[in-house]
Amino acid sequence: MASGVTQFIAGFVVDRIGARPVLLSGLALLAGGTALASLVPGVGWLFPVVLLMGVGNGVFHPADFAVLNASVAPARLGYAYSMHGVGGNLGYAAAPVVSYALAAAFDWRVALACMGAAGLVALAVVASQRAFLTSHRAPDAHAHTVRGSLSLFLQPAIALCFGYFVVQTMASVGLQTFLPSALNSGFDVPLALAASAVTAYLLGGTGGILAGGFLAARTRRHDVVAVTGLLAAAALLAVVATGAVPLPLLIALFAVVGFVLGTTGPSRDLIVRNATPKGAAGRVYGFVYSGLDLGAMLGPVWFGLMLDHGLGREMFYVVAGLLVLAVGTVVRVRRALVAA
C-alpha cells in the first residue's frame with residue numbers, strides 16, 4: 001500500500017524536480033529500511049519499517065522510466081526496457097536463494113543486515129554515476145495537481161494501461177507466490193519439484209525479456225507482441241489446469257510460460273510510453289505503474305483464499321482468465337491510440 005501511494009505521488013515529484021533526487025532518495029529508504037529491519041526488537045516493529053521500505057520502493061518506476069525516456073534514443077528504447085526488466089527478474093530470482101542461504105548459515109537478522117548493506121553499496125555506486133540520471137522536467141510542473149491531472153488519468157489509453165497492470169500483476173504474483181502450493185495441493189506434485197517450477201518460470205521470464213527487447217526494437221505493433229505472449233501463456237496454464245501435463249514436463253512448461261510472458265515486458269512499456277503525452281511522463285508512469293502495487297496487494301488475498309479452500313487446480317484457470325482479460329486491455333489501448 002505504501003509503495004502504490006508513493007508511486008502515484010512520486011510521478012508528480014519527478015515532473016517537478018527531476019528523477020535524480022527522487023531515485024536516490026527511494027533507494028536510500030529501501031536499502032536503509034532493510035538494514036534497519038535487522039535491528040527490530042519484535043515482529044510488530046517490522047510494520048513501520050516495511051512501510052518506510054514501501055515508500056522507497058514506490059519511486060522506482062516513475063524515476064527509472066523518466067531517465068530512460070530522456071536518455072535513450074527512441075530506436076533503442078526496446079533494448080533499454082529489456083535490460084531494465086532483466087535486472088528486476090534476476091533480483092527476484094536471486095533474493096529467495098540469497099536470503100535463505102544467509103538465514104540458514106547465520107540467522108534472519110544477519111540476512112537482512114547483509115542485504116541492506118548490499119543495497120547501500122548499490123546506492124553509493126548509483127550516486128557516483130548520478131550525472132547520467134537526468135530527465136526532462138515538465139515546464140509547467142508547478143501547476144500540476146491531482147485534481148488538475150484527473151482528466152489526464154481518465155484518458156482511455158492511460159486508464160486501460162492502469163487496468164492492464166492490475167490484472168497482469170495479479171496473475172504474475174499468483175504464479176510467483178503460490179505456484180508451489182497450487183501444484184502440490186491441486187496435483188500432488190512434490191514440493192521440491194514445484195519449487196523448481198518457480199525457478200524455471202523466473203529464469204524463463206529473464207530470457208523472454210531479453211528476446212522481447214529485440215522484438216520491441218524491430219516492430220511498431222507492440223500490441224501484437226503483448227497479445228501473442230499473453231494468449232500463449234494463458235493457453236499453457238489452462239492445459240496445466242486440466243492435469244494433462246506429465247510431471248517430467250512441468251519444469252520445461254513453466255520455463256516456456258515465463259518466457260512468453262517475459263517477451264511482453266518491453267513492448268508493454270513502449271505501449272505506455274506511446275500513450276503518454278509530452279511533459280507528463282512522471283505523472284503517467286506514477287499512476288499507471290501504481291497498478292502493479294494494487295495487483296500485488298489484491299492477488300495474494302484472492303489466491304490465498306482459493307488455496308485455503310483446496311482450489312489449487314482452479315487457480316490456474318483464474319490466472320489464465322486474468323491474462324485473457326489483460327489481452328482485452330491491450331487491444332483497447334491500441335484502438336484508443338488510433339482513435340486519438
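Helix packing

Modeller: The axes of helix 1 (residues 2-17) and helix 3 (residues 46-57) come within 7 Å and cross at roughly 35 degrees. Axes are lines fitted to C-alpha atoms, for helices over the stretch in contact, and angles run from 0 to 180 degrees between N-to-C directions. Helices are DSSP runs (H or I, at least four residues), numbered from the N terminus. The model is predicted: local features need pLDDT of at least 70, side-chain atom pairs count only at pLDDT 80 or more, and totals for chains, interfaces and linings use all residues. Residues are numbered from 1 along each chain as its sequence is written, and side-chain values use heavy atoms, without hydrogens and water.

Biologist: Which residues of helix 3 meet helix 1?

Modeller: Contact means heavy atoms within 4.5 Å. Helix 1 brings Ala2, Ser3 and Thr6. Their partners in helix 3 are Leu51, Gly54, Val55 and Asn57.

Biologist: At what angle do helix 1 and helix 4 pack?

Modeller: Their axes lie 7 Å apart. The angle is about 35 degrees.

Biologist: How far apart are the end C-alpha atoms of helix 5?

Modeller: Helix 5 (residues 77-105) has 29 residues. The expected span is 1.5 Å times one less than the number of residues, so helix 5 should span 42 Å. The end C-alpha atoms agree, at 42 Å.

Biologist: Where does helix 5 bend?

Modeller: The bend is the angle between axes fitted to the seven residues ending at a residue and the seven starting there. In helix 5 that angle is about 35 degrees, and Pro96 follows within four residues. The bend is at Ala94.

Methods. Helix = DSSP H or I, 4+ residues; strand = E, 2+ residues; numbered from the N terminus.
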